[in-house]
Amino acid sequence: MSALKPSRATRWLAAAGLAAASATPAFAQQGELVLYCSVQEEWCRPMVAAFEKATGIKVLMTRKSSGEFYAQIKAEAANPKGDVWWGGTGDPHLQAAEEALTDPYVSPKLDELQDWAVRQARAAKFRTVGIYAGALGYSFNTQELAKRKLPEPKCWADLAKPIYKDDVQVANPNSSGTSYTMLATLVQLFGEAKAFDLMKSMHKNINQYTKSGAAPARAVATGESLIGITFQHDAVIQAVSGAPVKIVSPCEGTGYEIGSMSIIKGAKNLANARKWYDWALSADGGQAIGAANKVSYQVPSNKKAPVPAQAPKLGDIKLIDYDFAKYGSSAERTRLLKKWDDEVGKLAK
Amino acid sequence: MIQAVALADSSRVLPHKLLAWASAALVLGWLGLGFAQGASGTAFAWWHYAALLALTFLFARSLARCGFFIGDVTVATIVIVIAALLGLFIFFPVGKALLAAVLDNQGRFAPALAIERLLSPDIWGLGCFGGGTHCGVAVNSVMLATIVGFGTTLLGLVMALAAQRGGQRFSSLYSVMAVLPIVTPPFVIALALVVLFGRTGLVTGWMSTLFDIPRTRWIYGLTGVTLAQLLTFTPIAFMILHGALAAISPSLEEAAQTLRASRTRVFRTVTWPLLRPALANSFLLAFVESLADFGNPVVLAGNYEVLSTKIFFAVAGAQHEPGRAAALATVLLGFTLVAFWLQQRWLGKASYVTVSGKGDAGLPAALPTGLRRGCVGFAMAWIAFTLACYAVIAVGGFVKDIGRGDMTPMLAHFGAGFAIEWQGGRLAFVGSAWDSFFTTVEVAAIAAPLTAVIGLLSAYVITRQRFAGRRTFEFLTMVSFAVPGTVIGVAYIVAFNVPPLELTGGLAILVLCFVFRNMPVGVRAGIAALAQIDKSLDEASATLRASTLRTLHKVVMPLLKPAIVATLVFSFTHAMTAVSAVIFLATAKYNLATVYIIGRVEAGEYPLAIAYSTVLIVFMLSLLLIVQWLTGSVKLGRRSQADLVTGH
């Protein structure tokens, strides 16, 4: 009879596993939502928790950078698995909209949004909408800088100086919307030829091309990298939690992003996707979560939503007139990324 | 449909040959039609699969009645059904994935493009040797694998010598070393190394404060990955070489000593040649495991590209190029198949057992003193290093930020991942890690019994029955050993993304992947266990007019209980720690623990990754201990001399 015990034990395990797995849909009655989240996971989690609490819909979330989700949505186009793509810079969302990978939807909350958010929606024929804005820049670790007695960098051109060899970190523009924004910003600031020359010189100073756009800010905070190119709000999170970082708005001018949200075409939970869409745009719903949990220092797109005190003030920064229509278009984005791969990505270290 | 099949099967009027042809034609025709319709057709539902299975049963039984398989219906059913499943879930996807290498983005046959992809300098460039910059990714992988192969063999030998001949202090070492690689997810060591030696790592911090050594990123790249793989694969080499050393009869060495050979000479002329096959086996095993390893390179490789990570980024990254991924997969598969074939040819047939039953064989010769001291010293140092890595993982989840040296104890990381709350009168698992954990346990629990059944039935048929095509069947069951996880993962998304077999995004594909990846282990365990059971038991059962099915059920299965338990446990733990195949197959809806952890590592969120890894390891260790307690002992003898497994 003892010979029966092991098979019973394994059966118990299987039963326990299944029972535990079926304990999770406490919200099964309201259905579910498959969410593709492109901001940092510390922001995704409270968003999911708040939405589940407010509506009772179970949210299944994965986090990937915006470029990666664009590629995934494109690959899954014949049989879409996701419902909503929330967060990430606007350019991949615009490209997806142009390629009809996302569905148009005019939310009732559209009137409450800032002009730049509505312009984003119109540019994409309402296939996407702006949910936050933030300025590009870079940050450096003040303690490391002082220890190594290096001068403070102030401009984009400074990042190419040989004294910062192996000290700069930025994401790969193919996977990260943040890094693509940097690419497009440099092109609009200096013209394409000079921009690529600058990136080639910067390449010698890059210690790692990360996949996630905000990872360099974390590396700067821990001292793993001296300088990190990210959106300024990513670095603010680190500064607020006590890390010795200083944020720089480059002297030549800088670009900015309009974080966006889109409903995926062919979404299996379309009704729930629209519920998320409206909730994410509402001032007391999705627009307030980031600031409340101290995980977002972007400027929210709803006019009535509270703007965090430490958010970089867009009015004070020298911003370029970022041409979202051009640099979010499929042709231009593909061309620039390929050029980056060929001329910068393949270079020797 | 199933009733019709059952009727046809039991009919005594219909000729068997006709039934065989008819059922085969129906199965192939149905599948063929489904594939011809391709993306525009409808996907098979569960009852399609059931009907196809029923038809396959009918085919097998009629074939048996025609005279094949010595007229044994049970054997015929087992062989045909398993072969068909293997064909559908291993050969078809891998074939389709390799085919994708010769197709362009529109799906047309493009031989020029295929050649360009397969022979691209990206893969084969030798730039780094000539003082240039980058080597091709295949060259990188092979370099890494060779270094790791030599390294682990050497280290394993040193430790095996120390354990067996260096004194009595190491007997418990064996059980610890045997368990470690089974319960450890493949990236845990890499994670520990980053925490210790990364730019802001613990040791780097101490070196910088105490000795003013500047902090660099030296751990990222070839050095780091080599170190991680050495630490991960040495226990396996140790087990093989320990077994080999134990199998060498001491009487040969004693004979040499009585002929006045010095200890060095005994070692050089007697022990070493007997060890050579095991050394070669260990090298090949480590070579293949290194090639197929995904978890360590993804964390530590930095700018050093290897095949497994490059395939992953070609598919799942922002540059979605299935053709290029397929070309890389072909190259990787080529390497592992060559290594697998070499291993089968050189070592599959050789006998390294020198122990016979003749009385006291004596004590093994002691090592020369210098060698002994060196071995023992080095072994202790290496073990200490390995244990330090595990200690980092054990502690890291409980402190604020072990990487920065911030040791304030806090449970917030566990809280973020594993929080449980009361919501509306029910337990709600609100931590972000629960979804993936439950899915992983569920999938592993479903896959483990299926693996055991398929594996052991195959083992029975291979060892106990004689029929035409037995060798081929044995080869077929072993082939999935040679296919690296990354290749299977890519193959599954390519093959099962469109109708009729539209399985991606679901739970079924994860279960299938685990079942067919782990099946060879069940086969091996079954073969080893059945070798211990005398054939005369089967024959006695047969003379008492029991059918094969009854013999299987009443005689063989009860005696195989230990092998069943071992296979169940191994498949379960392997499914929980697998990453290289499933990283392509996990979705938002069905996420897996290892995939989630890698996501956290890539985002730089190490504390949560470490906490989750700790949970996984503790969970699997507890499981092993419970099973061990329930059954007395679990013989996890999966690593026999002739074993070769490609990665997690």
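Where in chain A does A:Ala100 lie? A:Ala100 is placed in the loop between helix H4 (90-98) and strand S4 (102-103) of chain A, where helices (H or I, at least four residues) and strands (E, at least two) are DSSP runs numbered from the N terminus.

This is a predicted model, in which local features need pLDDT of at least 70 and side-chain atom pairs count only at pLDDT 80 or more, while totals for chains, interfaces and linings use all residues. Residues are numbered from 1 along each chain as its sequence is written, and chains are lettered from A and ligands numbered from 1 in the order in which they are written.

**Loop residues of chain A**

The phi angle of A:Ala100 is near 55°, a positive value in a residue other than glycine. A:Ala100 counts as exposed because it has 12 C-beta neighbours inside 10 Å; a residue is buried if 20 or more other C-beta atoms lie within 10 Å of its own, exposed if 12 or fewer, and partly exposed in between, with C-beta atoms placed from the backbone. A:Phe126, which is not a glycine either, has a positive phi of about 65°, and its place is in the loop between helix H5 (115-123) and strand S5 (128-141) of chain A.

| Residue | C-beta atoms within 10 Å | Class |
|---|---|---|
| A:Ala100 | 12 C-beta neighbours | exposed |
| A:Phe126 | 19 other C-beta atoms | partly exposed |
| A:Ile131 | 28 other C-beta atoms | buried |
| A:Asn302 | 22 C-beta neighbours | buried |

A:Ile131 belongs to strand S5 of chain A, whereas A:Asn302 is found in the loop between strand S11 (299-300) and helix H13 (324-327) of that chain. Residues up to four places away in sequence aside, A:Ile131 touches A:Gly259, A:Ser260, A:Met261, A:Ala280, A:Leu281 and A:Ser301, a contact being two residues whose C-beta atoms, placed from the backbone, lie within 7 Å. With its neighbours within four places likewise left aside, A:Asn302 is in contact with A:Glu112, A:Leu113, A:Leu281, A:Ser282, A:Ala283 and A:Gln287. The C-alpha atoms of A:Ile131 and A:Arg333, which stand 202 residues apart along the chain, are separated by 21 Å, and those of A:Asn302 and A:Lys125, 177 residues apart along the chain, by 19 Å.

**Chain B and its helices**

Chain B has 28 helices and 4 strands, and 49% of its 648 residues count as buried. Among its contacts between residues at least 6 apart in sequence, 77% join residues at least 24 apart.

Helix H7 (residues 137-165) of chain B packs against helix H17 (residues 369-396) of chain B at an angle of about 110°, with the axes 8 Å apart. That makes H7(B) roughly perpendicular to H17(B), a term for angles of 65 to 115 degrees, with axes taken as lines fitted to C-alpha atoms over the stretch in contact and angles running from 0 to 180 degrees between N-to-C directions. On the side of H7(B) the contact is made by residues including B:Leu155, B:Val158 and B:Arg165, and on the side of H17(B) by residues including B:Arg372, B:Phe378 and B:Trp382.

How values were computed: Angles under 35 degrees count as roughly parallel, over 145 as roughly antiparallel, 65 to 115 as roughly perpendicular and the rest as oblique.
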